[in-house]
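Colleague: I am new to this structure and would like to learn how to read it. Could you take me through it one feature at a time?

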Amino acid sequence: MTLTLLMAISLTMCACSHENREPIHEEEPIPTEQPDATPEEDSDNNTEEDMDMNYAKFPLSEGKNGEAPTIRLSSGYDMPIVGLGTYSLTGEVCVNSVKSALNLGFRKIDTAHMYGNEVEVGRGVRESGIPREEIFVATKIYPNQYSDPEKAIEECINKLNIGYVDLMLLHHPGTNDVKAYKAMEKFVKEGKIRSLGVSCYYIKEINDFIKQVDIKPVLVQNEVHPYYQDLDVVPHIQSLGIAVEAWYPLGGRGHQKELLCDPVLTEIAQKHGKSVAQVILRWDLQRGVVVIPGSSNPAHMEENISIFDFNLSDEEMARIKAHNRNKKNVWY
Ligand SMILES: NC(=O)c1ccc[n+]([C@@H]2O[C@H](COP(=O)([O-])OP(=O)(O)OC[C@H]3O[C@@H](n4cnc5c(N)ncnc54)[C@H](OP(=O)(O)O)[C@@H]3O)[C@@H](O)[C@H]2O)c1
């Protein structure tokens with residue numbers, strides 16, 4: 001274990017600072033390269049690997065600290081199960097956070113039109129020196145863009161300026177969401193986007209939605225953390241052959257204090273010589289939930305991708321499960 005990691009853990013054990021959200025800002029689109037995507041499988045149908053993939057059980061023994069394992073999505077593409085969230089990271093902080101994360105072994109970055117940082121995420125990816133093909137980048141279009149989705153999708157692709165987008169999500173359900181998704185399907189067929197997904201869709205929303213689209217979403221991104229475990233929704237989505245990804249895995253920027261200082265989680269963390277953040281992220285992975293913790297702090301990032309050298313027992317998993325408060329930190 002490195003010195004920075006040890007320092008981060010000891011700080012995190014009682015680092016209960018409150019952080020404010022930063023304002024969103026708009027960026028100008030910049031030209032994009034032609035796509036060089038070559039899907040491994042026909043994206044319209046489930047692949048054999050998808051049928052074999054148990055989304056409730058990840059291949060955790062294949063991971064090592066600084067190198068998260070991947071899962072095979074129903075599109076045929078592989079995606080790392082630990083990524084960097086970039087909500088509220090802007091400007092040079094965002095560029096440097098993306099570069100630091102990639103340098104520390106992260107290979108997945110999550111952004112969105114709404115975060116106002118697609119240009120900076122794209123710059124971080126390009127300036128990292130890591131081959132584009134090794135990095136998985138996800139972005140999202142926002143409901144106020146669903147009435148003119150082609151324009152919104154082109155804008156995301158242009159701002160990122162990394163050739164193709166690995167995964168594009170609808171940020172929320174909303175008017176014209178099916179129309180917007182169908183526009184994204186066209187971009188998949190053109191090779192400009194590789195996989196599609198949705199965010200903030202629960203049981204009814206996802207059941208209704210998948211009947212209306214041609215390409216099944218590979219992933220649903222929802223609020224999931226020990227105080228909001230989505231105990232019905234997570235297994236339902238997984239049973240559809242769709243991966244689940246947790247946003248706000250640590251409770252959300254500005255809300256993380258409560259979870260990171262939770263006495264039960266702290267006790268489990270101390271037993272393993274880990275931080276509470278590491279225990280939470282490991283708990284997600286052991287129930288088959290992909291994580292994208294947000295951070296601009298390289299010591300935290302290193303900690304967040306160093307969760308492959310310990311295992312939570314069944315008893316500890318049950319203890320955390322019993323800790324559910326069914327308490328969301330935002331309304332959607
Ligand atoms: N689809 C949606 O509607 C939606 C909504 C919200 C978020 N998201 C996505 O989900 C990602 C994650 O959510 P989030 O970033 O809001 O919240 P989060 O990951 O739950 O928490 C981030 C906060 O935790 C701190 N942190 C990170 N690692 C830590 C560690 N090891 N020890 C102590 N503190 C740590 C970060 O501060 P430092 O910077 O100091 O590390 C930051 O303040 C977002 O970035 C975004 O990509 C999606």
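Colleague: Where does Val 98 lie?

Modeller: Val 98 lies in helix H3. This is a predicted model, in which local features need pLDDT of at least 70 and side-chain atom pairs count only at pLDDT 80 or more, while totals for chains, interfaces and linings use all residues. Residues are numbered from 1 along each chain as its sequence is written.

Colleague: Is Val 98 buried or exposed?

Modeller: A residue is buried if 20 or more other C-beta atoms lie within 10 Å of its own, exposed if 12 or fewer, and partly exposed in between, with C-beta atoms placed from the backbone. Val 98 is buried, because 29 other C-beta atoms lie within 10 Å.

Colleague: Which residues is Val 98 in contact with, leaving aside its neighbours within four places in sequence?

Modeller: Two residues are in contact if their C-beta atoms, placed from the backbone, lie within 7 Å. On that basis Val 98 is in contact with Leu 84, Ile 109, Val 121, Gly 124 and Val 125, once neighbours within four places in sequence are left aside. As for distance along the chain, Pro 298 is 200 residues apart from Val 98, yet their C-alpha atoms are separated by 9.8 Å.

Colleague: How many residues does helix H3 have, and what span does it reach?

Modeller: The expected span of a helix is 1.5 Å times one less than its number of residues. H3 covers residues 91-103, which is 13 residues, and reaches 19 Å from its first C-alpha to its last, close to the 18 Å expected. Its buried residues are Cys 94, Val 95, Ser 97, Val 98, Ser 100, Ala 101 and Leu 102. The cover over them includes strand S3 (84-85), strand S4 (108-110), helix H4 (118-127) and H12. After H3 comes Gly 105, with a positive phi near 115°.

Colleague: Strand S4 is part of that cover. What is Asp 110 in contact with?

Modeller: Asp 110 has its place in strand S4. Asp 110 is buried, since 26 other C-beta atoms lie within 10 Å. Apart from neighbours within four places in sequence, its contacts are Gly 83, Leu 84, Gly 85, Thr 86, Ala 138 and Ile 292. Pro 293 is 183 residues apart from Asp 110 along the chain, and the two C-alpha atoms are separated by 9.5 Å.

Colleague: At what angle do helix H10 and helix H11 pack?

Modeller: Axes are lines fitted to C-alpha atoms, for helices over the stretch in contact, and angles run from 0 to 180 degrees between N-to-C directions. H10 (residues 263-272) and H11 (residues 276-286) pack at about 95°, and their axes are 8 Å apart. H10 is therefore roughly perpendicular to H11, a label for 65 to 115 degrees, with under 35 roughly parallel, over 145 roughly antiparallel and the rest oblique. Leu 265, Thr 266, Ile 268, Ala 269 and His 272 of H10 meet Val 276, Gln 278, Val 279 and Ile 280 of H11.

Colleague: Why is H11 described as largely enclosed by the rest of the structure?

Modeller: Eleven of the eleven residues of H11 are buried, so the rest of the structure largely encloses it. Among them are Arg 282, Trp 283 and Asp 284. H11 is followed by Gly 288, where phi is positive, near 75°.

Colleague: Which residues come nearest to the ligand?

Modeller: A residue is near a molecule or strand if its C-beta atom, placed from the backbone, lies within 6 Å of it. Of the 31 residues around the ligand, Gly 85, Tyr 87, Trp 247, Gly 294 and Ser 295 come nearest. Helix H9 (256-260) and helix H12 (298-304) are the elements that give two or more residues to this shell. H12 gives the most, with three residues.

Colleague: What phi does Asn 176 have?

Modeller: Asn 176 is not a glycine, but its phi is positive, about 70°. The loop that holds Asn 176 runs between strand S6 (165-170) and helix H6 (177-189). Asn 176 is partly exposed, with 16 other C-beta atoms within 10 Å.

Notes
Helix = DSSP H or I, 4+ residues; strand = E, 2+ residues; numbered from the N terminus.
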